[in-house]
Amino acid sequence: MKKFFFQGIVSGLMLLLISSVSAVTFSGGGGQGISVVDGSGGGDYTSLLQAAQDFNAYAGGCTGDWSLFIKSNLTEPVNVPFGNKTNGYIVTIKPFTGATPIITFTCPTKNPGWEGHLVIGSNDLTTDGDSITTEGMSLVVIDGSNTPGGTSRDLTITNTGTNASVNSILAHFVGKTENCIVKNCRIINNCSGNSGESIGVEFSSRYRKLDTISYHPKDCQVDNCEISCMGTVRGAIGILTRHIGSPAPAVGTAQSGLKVTNNVITASARAMYLQMIGSMTISGNTISVSSISF
């Protein structure tokens with residue numbers, strides 16, 4: 001967690017310098033630096049998917065810290081996976097200075113591989129989890145504040161209810177994702193229907209038959225977010241931890257160290273549903289669960 005001590009300083013410097021430093025793509029910067037997503041064409045990428053594809057394709061992964069600033073509202077018609085080696089460096093997704101962007105996914109989250117709109121830890125959603133080459137990522141920070149070290153919730157991640165499938169996950173951290181943080185975000189799942197799932201943030205373990213290893217998220221955090229999963233969905237859950245796939249993980253192994261702090265969580269079924277986890281901290285949250293007839 002030492003690197004996170006400096007995260008506020010690093011983000012602050014990035015925000016102060018971004019107007020005077022030339023932003024480049026992740027690959028153009030040699031696996032590090034500052035990049036900007038602007039749907040109007042004024043940045044290095046025009047979509048979050050384009051940024052993820054460039055990140056995933058760079059051989060060897062990070063050679064230094066990388067900050068991806070979102071400058072405009074984005075409509076994403078395809079689910080977005082981030083999966084590459086971070087090599088001990090920090091990857092930050094954050095609003096551009098003064099911007100209050102909304103990322104809206106318009107596709108179902110049902111993928112042949114990992115499900116989810118924004119998936120952290122896999123570079124391929126088209127194949128079964130046993131076939132992916134990336135088992136997770138570390139030191140990924142999704143920080144919704146547009147100010148250095150701020151606590152304002154300036155980034156919204158959402159979807160369209162009409163196009164969301166009955167299984168809908170907004171932000172999904174998969175496999176061996178370690179020391180990852182989601183903070184200062186509005187995470188609004190508009191999925192509706194009387195079956196399936198509507199998940200805000202999920203952390204999933206996986207036993208891979210490919211190499212007979214159990215992969216678990218570890219020491220992650222959800223802090224100061226507004227999370228809403230409403231609608232007539234039986235599986236509407238704000239934050240979920242669980243195991244995906246078969247067989248079950250190795251005996252004696254599980255997720256650990258998750259912190260859920262200072263969030264406002266609203267759900268029509270469960271605010272949190274926590275399984276396959278050995279240790280966690282829950283504090284300072286405001287929780288509201290609506291009782292509705294399914």
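Colleague: How many bridges join S5 to S8?

Modeller: This is a predicted model. S5 and S8 run parallel to each other. Within this pairing, Val 91 has Val 140 of S8 as its bridge partner. The number of bridges that join the two strands is 3.

Colleague: Which residue of S11 is the bridge partner of Val 141?

Modeller: Strand S8, covering residues 140–143, also runs parallel to strand S11, residues 181–183. These two strands are joined by 3 bridges. For Val 141, the partner in S11 is Ile 181.

Colleague: Which residues of S8 lie on each of its two faces, and are they buried or exposed?

Modeller: In a regular strand, side chains alternate between the two faces of the sheet. In S8, Val 140 and Ile 142 lie on one side, while Val 141 and Asp 143 lie on the other. Both faces are covered, and these four residues are all buried.

Colleague: Which element supplies the largest share of the largest nonpolar core?

Modeller: The largest nonpolar core has 48 residues, and those that touch the most other members are Leu 48, Leu 68, Phe 82, Leu 118, Ile 142 and Phe 173. Apart from this core lies another of 5 residues, including Ile 34 and Phe 69. The largest share of the 48-residue core is 5 residues, and these come from H3.

Colleague: Leaving aside neighbours within four places in sequence, with which residues is Leu 68 in contact?

Modeller: Leu 68 is among the members of the largest nonpolar core that touch the most others. Contact here requires heavy atoms within 4.5 Å. With the sequence neighbours set aside, the contacts of Leu 68 are Ser 35, Val 37, Tyr 45, Leu 48, Ala 51, Phe 82, Thr 92, Ile 93 and Lys 94.

Colleague: How many residues apart in sequence are the parts that Lys 94 and Asp 143 tie together?

Modeller: The side chains of Lys 94 and Asp 143 form a salt bridge, with N to O at 2.7 Å. Both Lys 94 and Asp 143 are buried. Because Lys 94 belongs to strand S5 and Asp 143 to strand S8, the pair ties together parts whose separation in sequence is 49 residues.

Colleague: Is Glu 226 buried or partly exposed?

Modeller: Glu 226 meets Arg 186 in a salt bridge, with an N to O distance of 3.1 Å. Since Glu 226 lies in strand S16 (residues 226–229) and Arg 186 in strand S12 (residues 185–189), the pair ties together parts 40 residues apart in sequence. Arg 186 has a relative accessible area of 28% and is partly exposed. Glu 226, at 25% relative accessibility, likewise counts as partly exposed.

Colleague: Which residues are linked with Arg 242 in a network of salt bridges?

Modeller: Arg 242 forms a salt bridge with Glu 202, their closest N and O atoms being 2.7 Å apart. Arg 242 lies in strand S17 (residues 235–244) and Glu 202 in strand S13 (residues 197–208). The relative accessible area is 14% for Arg 242 and 0% for Glu 202, and buried means under 20%, so Arg 242 is buried and Glu 202 is buried. The residues in the network with Arg 242 are Glu 197 and Glu 202.

Colleague: What percentage of the residues of the chain count as buried?

Modeller: The chain has 3 helices and 22 strands. Of its 294 residues, the buried share is 54%.

Technical notes:
Residues are numbered from 1 along each chain as its sequence is written. This is a predicted model: local features need pLDDT of at least 70, side-chain atom pairs count only at pLDDT 80 or more; totals for chains, interfaces and linings use all residues. Side-chain values use heavy atoms; hydrogens and water are left out. Two strands pair if DSSP finds at least two bridges between them. Buried means under 20% relative accessible area, exposed over 50%, partly exposed in between (1.4 Å probe, protein chains only). A nonpolar core is a set of buried Ala, Val, Leu, Ile, Met, Phe, Trp, Tyr and Cys residues joined through side-chain atoms within 4.5 Å. A salt bridge is a side-chain nitrogen of Lys or Arg within 4 Å of a carboxyl oxygen of Asp or Glu.
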